[in-house]
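Subject: Structure handover

Hello,

Here is the structure I promised to pass on. Please open it alongside this note.

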Amino acid sequence: MAGIRDIAEKAGVSLTTVSNVLNKKKNVGAETRQKVLEIAKELGYTHKEQGGIDGKRRTIIVSFSDFDTLYYLDILHGISDYVSKQGYHILICNGDDLAHYSDPDEVCGCIILSSLIQDYQVLAVADKGLPVITLDRELAHPMIKAMIVSNYEGERQLMQKLVDEGFDSFAFLSGPNTPDNKERYTAFRDVLKENGIPFNRNDLYEGDWREKSGVQAARLIMLRDKMPGVLVCANDMMAIGAIRHFQENGIRVPDDICVVGFDDIIISRYLGLTTVSVPDYERGFLAGQALLNILDKSGDYETYRIGARVKWRKTALGNRG
């Protein structure tokens with residue numbers, strides 16, 4: 001089935017222009033408008049009006065791929081609380097099923113958060129003319145709005161405070177190769193460089209966001225002649241795994257090594273994990289609001305950045321923070 005990308009290529013115009021024509025916006029010249037409509041008809045593309053406040057289709061897709069990651073629950077709660085009050089329903093699917101369920105005859109929009117869902121899968125949904133909210137990446141497409149966390153700023157605050165407290169030996173437990181992880185690692189390295197603190201590549205460990213990879217990193221760290229002063233983890237689940245393994249083997253946190261994370265999932269608060277707190281419930285609530293605003297023509301596709309701030313707890317500075 002032809003999408004708006006096919007129309008744009010054949011018409012020699014931008015995706016934004018095609019989107020504006022199909023959505024009946026008045027900022028396109030008559031000649032270009034006619035050309036786009038003729039090509040759309042030629043390619044067999046039928047644009048479905050999105051089901052807004054008065055529309056019939058009131059189902060939105062929420063697509064994740066890793067249901068083991070606890071912080072999705074807060075996001076889902078926020079999305080559900082907003083859209084359900086507006087009379088909309090949620091269909092949850094994973095990345096493999098995304099193409100199947102993103103039928104413009106059945107659903108009116110999509111919210112995506114998963115490092116396992118590839119960019120081309122997200123773009124394919126938007127090419128069908130469905131508005132998409134992405135919570136983990138920015139993609140150049142007129143039907144995609146990014147609502148992303150200010151990872152870099154949050155990680156910088158965390159790192160600079162640790163350096164100011166006198167820590168000068170760090171290890172980093174990375175997540176998968178995602179935009180979130182890249183921003184967090186870049187902030188980590190920038191603060192060390194700015195403060196003249198060397199970083200050995202042997203102190204970079206690779207994880208996959210899951211608790212088990214935190215356990216594995218802790219095992220490797222314990223084999224070193226000298227452990228770092230701080231293990232900086234790219235998310236909370238890996239930090240929790242590392243803490244558990246350290247404690248099971250007589251390594252005291254934070255007395256022998258500090259451990260910090262990123263996300264502030266519920267269990268982190270009970271474990272006293274120092275972390276960068278992302279307001280995930282509010283993040284989901286705002287994503288649902290943004291999508292419905294687009295559907296009723298009052299919203300836009302401008303990127304929205306969500307702030308994050310450090311929560312100091314006992315695994316790093318304790319009451320000193």
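Below is what was found in it, starting with the whole protein and moving on to its parts.

First, the ground rules. This is a predicted model, in which local features need pLDDT of at least 70, side-chain atom pairs count only at pLDDT 80 or more, and totals for chains, interfaces and linings use all residues. Residues are numbered from 1 along each chain as its sequence is written, and side-chain values use heavy atoms, with hydrogens and water left out.

**Overall**

The protein has twelve helices and twelve strands. Helices (H or I, at least four residues) and strands (E, at least two) are DSSP runs, numbered from the N terminus. The C-alpha atoms fill a box of roughly 70 × 40 × 30 Å, taken along the principal axes. Of the 321 residues, 53% count as buried. Buried means under 20% relative accessible area, exposed means over 50%, and partly exposed is in between (1.4 Å probe, protein chains only). Among contacts with a separation of 6 or more, 71% come from residues 24 or more positions apart. A contact means heavy atoms within 4.5 Å.

**The parallel sheet**

Two strands pair if DSSP finds at least two bridges between them. Axes here are lines fitted to C-alpha atoms, for helices over the stretch in contact, and angles run from 0 to 180 degrees between N-to-C directions.

Four of its five residues are buried, so E1 is largely enclosed by the rest of the structure. E1 and E2 pair in the parallel sense over five bridges. Ser-63 has Cys-93 in E2 as its bridge partner. Four bridges join E1 to E3, again running parallel. There, Ile-60 is partnered by Gly-109 in E3. E3 and E4 are parallel too, with three bridges between them. Ile-112 has Thr-134 in E4 as its bridge partner.

In helix H6 (residues 119-127), Gln-121, Val-122, Leu-123, Val-125, Ala-126 and Asp-127 are buried. The buried residues of H6 pack against helix H1 (4-11), helix H5 (98-101), strand E3 (109-112), strand E4 (132-134) and strand E5 (144-149). Just after H6, Gly-129 takes a positive phi of about 90°.

**The mixed sheet**

Another open sheet of six strands has the order E7-E6-E8-E9-E10-E12, with mixed pairing. Strand E7 (204-206) and strand E12 (309-311) stand at the edges with a single partner strand each, so one side of each has no neighbour in the sheet. The twist averages 20° from one strand to the next. Strand E8 (residues 230-233) pairs with strand E9 (residues 258-263) in the parallel sense, over three bridges. Val-230 stands opposite Cys-258 in E9.

**A helix pair**

Helix H9 (residues 211-222) and helix H10 (residues 236-248) have axes that come within 6 Å and cross at roughly 45°. That makes H9 oblique to H10. Angles under 35 degrees count as roughly parallel, over 145 as roughly antiparallel, 65 to 115 as roughly perpendicular, and the rest as oblique. Residues of H9 in this contact include Val-215, Ala-218 and Ile-221, while those of H10 include Met-237, Ile-240 and Phe-246.

**Backbone details**

Most residues other than glycine have a negative phi, and most peptide bonds are trans.

- A cis peptide bond joins Val-253 and Pro-254, with omega about 10°. Pro-254 is in the loop between H10 and E9.
- Trp-209 has a positive phi, near 80°. Trp-209 lies in the loop between E7 and H9 and counts as buried, at 13% relative accessibility.
- Lys-297 has a positive phi of about 70°. Lys-297 sits in the loop between helix H12 (280-295) and strand E11 (304-306) and is exposed, with a relative accessible area of 53%.

Over to you.
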